[in-house]
Amino acid sequence: MFDLDVFFVQQLVNGLSVGLIYALMAIGFTLIFGVLNVVNFAHGEVYMIGAFAGLWLITQLAPPLLVVILAVLACGALVGFGLERIAFRPFRRFRDEASLKSKAMREATLLSSLAVSIIVREVTEKVFGSNMQPIPQEYLLLTPIEIGPLTFASGQFLIFGLAGTMLAGLTWLLKRTRIGLAIRAVASNPMGAAYVGIHTERTIIATFVIGSMLGSAAGLVVGLYQGAIFPAMGFAPAVKAFVAMVMGGLSSITGAVVCALILGLAEAVTTYYFAQGWGDLVAYLFLVMTLIFFPTGLFGAGRERV
């Protein structure tokens, strides 16, 4: 019985680490939806690019892990900037309020991000192949760490530390800096923000940069922890992060983080009692329950139905 309890605790820790990865992804979704009112379906490919950028840097230069993380953050920033220019900016040629709220405009932007997602994934498969790409042994985050009867992997602690640092940094940025206040203003009322002198285009670019940095870092850490990466690796985390965003109410960062943690823990508990495959159904079950019983999301009071 004691062994089962130990395993259950380890599953909960696994669930928290997975939930934090979903949270980093969900924040990217939420930030972009907040300022543009559209879903960025290429966010899973940002996650994948972060992992492949880290693998390329490791195999070519073999720098320290901290350098790899910083380089991947820079790569994520560039990817976010390019994604905004290619997939989103062409649909913002009209700045009037009717165009900003146009359903057709939102659908066109959504399809544009989906098209970019497919193209990037297919190009990656052509260049690197669709098979698993192994991570060099010396960079794997699988060093066992024993705490009493519990045994954890070093990658879990890196996920906790990195995610905690990035979430704290994001909170400080949004509440204490000019660009953070600008992001919040544009998310609240883009036309009003423009009228009071906020440069909305720069703010939108900054939002993509920040969200993509979080997503790319998540992809890198998961790749180093799991030991292999592949071009389609961003699909499942993106779906789970999207569900967390919907559960949180679409534009609530706090809601997205909390729901991502709930989702990760629920998956861990499910795989403890049932087969591994059942864990993947948890996200879809939560999505259906949210749409039926909480149409504005758990933290989305006062906004339109999701």
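Ser113 is in contact with Val39, Asn40, Phe41, Ala42, Ala87 and Phe88, its neighbours within four places in sequence being left aside; contact means heavy atoms within 4.5 Å. The model is predicted, so local features need pLDDT of at least 70 and side-chain atom pairs count only at pLDDT 80 or more, whereas totals for chains, interfaces and linings use all residues. Residues are numbered from 1 along each chain as its sequence is written, and side-chain values use heavy atoms, with hydrogens and water left out.

**Ser113 and its helix**

- Ser113 belongs to helix α5, which covers residues 103–128; helices (H or I, at least four residues) and strands (E, at least two) are DSSP runs, numbered from the N terminus.
- Ser113 counts as buried because its relative accessible area is 0%; buried means under 20% relative accessible area, exposed over 50%, and partly exposed in between, with a 1.4 Å probe and protein chains only.

**The chain as a whole**

- The protein chain contains 12 helices and four strands.
- The C-alpha trace of the protein chain spans about 60 × 50 × 35 Å along its principal axes.
- The radius of gyration of the protein chain is 19 Å, which agrees with the value near 19 Å for a compact globule of 306 residues; the radius is taken over C-alpha atoms, and the globule rule is 2.2 Å times the number of residues to the power 0.38.
- Of the 306 residues of the protein chain, 49% are buried.
- Among contacts between residues at least 6 apart in sequence, 76% join residues at least 24 apart.

**Surface and charge**

- The protein chain has an accessible surface of about 14,900 Å², and carbon and sulfur atoms account for 68% of that surface; accessible areas come from the Shrake-Rupley method with a 1.4 Å probe, and for residues only the protein chains shown count as cover.
- The protein chain carries 18 positive and 15 negative side chains, and the centres of these two sets are 15 Å apart.
- For this count, Lys and Arg are positive and Asp and Glu are negative, while His and the chain ends are not counted; each charge is placed at NZ of Lys, CZ of Arg, CG of Asp or CD of Glu.

**Ser216 in helix α9**

- Helix α9 (residues 200–226) holds Ser216.
- Ser216 is buried because its relative accessibility is 1%.
- Not counting residues up to four places away in sequence, Ser216 touches Val46, Tyr47, Gly50, Ala51, Val72, Leu73 and Gly76.
- Ser216 and Leu111 are 105 residues apart along the chain, and 22 Å separates their C-alpha atoms.

**Ser154 in helix α6**

- Ser154 is in helix α6, which covers residues 154–176.
- With a relative accessible area of 18%, Ser154 is buried.
- When residues up to four places away in sequence are not counted, Ser154 touches Leu141, Leu142, Thr143 and Ile145.
- From C-alpha to C-alpha, Ser154 lies 22 Å from Thr271, and the two are 117 residues apart in sequence.

**Two residues of helix α11**

- Thr270 is placed in helix α11 (residues 253–273), and Leu265 lies in helix α11.
- Thr270 counts as buried at 17% relative accessibility, whereas Leu265 is partly exposed at 29%.
- Leaving aside neighbours within four places in sequence, Thr270 is in contact with Trp278, Gly279 and Val282.
- Leu265 touches Leu12, Gly15 and Leu16, with residues up to four places away in sequence not counted.
- Leu265 and Asn14 are 251 residues apart in sequence, yet their C-alpha atoms are 7.9 Å apart in space.

**Positive phi angles in loops**

- Ala62 is not a glycine, but its phi is positive at about 50°.
- Ala62 is located in the loop between α2 (43–61) and α3 (65–88).
- Leu250, another residue other than glycine, has a positive phi near 75°.
- Leu250 is in the loop between α10 (235–248) and α11, and Leu250 is buried because its relative accessible area is 6%.

**Cysteines**

- The structure has zero disulfides; a disulfide is a pair of cysteine sulfur atoms within 2.5 Å.
- Cys75 counts as partly exposed at 21% relative accessibility, whereas Cys259 counts as buried at 0%.
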